[in-house]
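Student: I would like to go through some of the words used for helices and residues. Please show me the structure before we start.

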Amino acid sequence: MTRPLSLFRHRLLSRCQLVAFALAILTLCASPARGQGRTIVIDPGHGGHDRGGVPGQRVSEKMMALDVAQRLRSVLQARGYRVVMTRNSDVFIPLGTRTSIANSYRGATFVSVHFNSASRSGANGIETYYYRGDSGGLAASIHRNVVAIAPTENRGIRRRAYFVLRRTNNPGVLVECGFLTNPTEAGYALNPSYRQRLAEAIARGIQRLPSGPNKPLTAGSAASADVLAPTISGPDVVRAAPRPRRTSRVRHYRSSRSKKSARPRSKRSSTPKKKRKRSSSSIIQVDWRLC
Ligand SMILES: [Zn+2]
């Protein structure tokens, strides 16, 4: 009489084990990364002697990028991700070392955090870069979320062969969180609450979550009164003109040359070339250190 009962208990136990196994599989499938690697390599741009941005820039890109990156790390860790930082202090890390770190974590997602700069203070907006074909969706997701919280222009998603993107064997994105050479956007970046919102937006993008509600900055909440500067007026040269590509590296290099060394080059140049150079000097300068 006890054998059927024992058999019933055995079957019940087996079914419970099956259910537990199925639940475990479902839990794994519903991991925070939703199919992506749960390891995120965060790369705060620049560091040490490399301040980022343009010469004489008041707000240091390396410090803003590091702060947002550290906030992003905290947000992601709280959501169950394993996070690796290419730098966690104000030190210079060569680009090759950054990609080596990224490539040592197979299946990881690489996210490089930067702020933009330009010779013209009116240049503004958010832009996101990717290179690998499998990174477009990630770039779109991060960009959509950052744009949703940033009260500025949407400069779009661009495909560029920046060193850290083309040398990384994992999906990778580089996000430019605004222009520190723009007084309004520099004011945003200097506000810790805004940097926290940037970090949370990037995290939502990594998680492929829909962008959150676009709450405007208000005094006493996300931004202080001085951050709420009036919007930029006047024509936006950056939007009106096509963005230069790798030639900007040459332009950036030339800008740091002495007048003495630059003079012979201009003498050799023809008149049309001089005009082109003058008109492009007000356009955004791509950070050649990323190349
Ligand atoms: Zn940068």
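Student: How close do the axes of helix H4 and helix H7 come, and at what angle do they cross?

Tutor: The axes of H4 (residues 136–149) and H7 (residues 192–206) come within 7 Å and cross at roughly 150°. Axes are lines fitted to C-alpha atoms, for helices over the stretch in contact, and angles run from 0 to 180 degrees between N-to-C directions. This is a predicted model, where local features need pLDDT of at least 70, side-chain atom pairs count only at pLDDT 80 or more, and totals for chains, interfaces and linings use all residues. Residues are numbered from 1 along each chain as its sequence is written.

Student: Why is H4 called roughly antiparallel to H7?

Tutor: The crossing is at roughly 150°, and angles over 145 degrees count as roughly antiparallel. H4 is therefore roughly antiparallel to H7.

Student: Which residues of H4 make the contact?

Tutor: Among them are Ser-141, Ile-142 and Arg-144 of H4, which face residues of H7 including Arg-197 and Leu-198. Two residues are in contact if their C-beta atoms, placed from the backbone, lie within 7 Å.

Student: How do you know what span helix H2 should have?

Tutor: The expected span is 1.5 Å times one less than the number of residues. H2 (residues 61–78) has 18 residues, so the span should be 26 Å; the end C-alpha atoms are 26 Å apart, which agrees.

Student: What makes Phe-163 buried, exposed or partly exposed?

Tutor: Phe-163, in helix H5 (residues 163–166), has 16 other C-beta atoms within 10 Å. A residue is buried at 20 or more, exposed at 12 or fewer, and partly exposed in between, so Phe-163 is partly exposed.

Note on methods. Helix = DSSP H or I, 4+ residues; strand = E, 2+ residues; numbered from the N terminus. Parallel < 35°, antiparallel > 145°, perpendicular 65-115°, else oblique.
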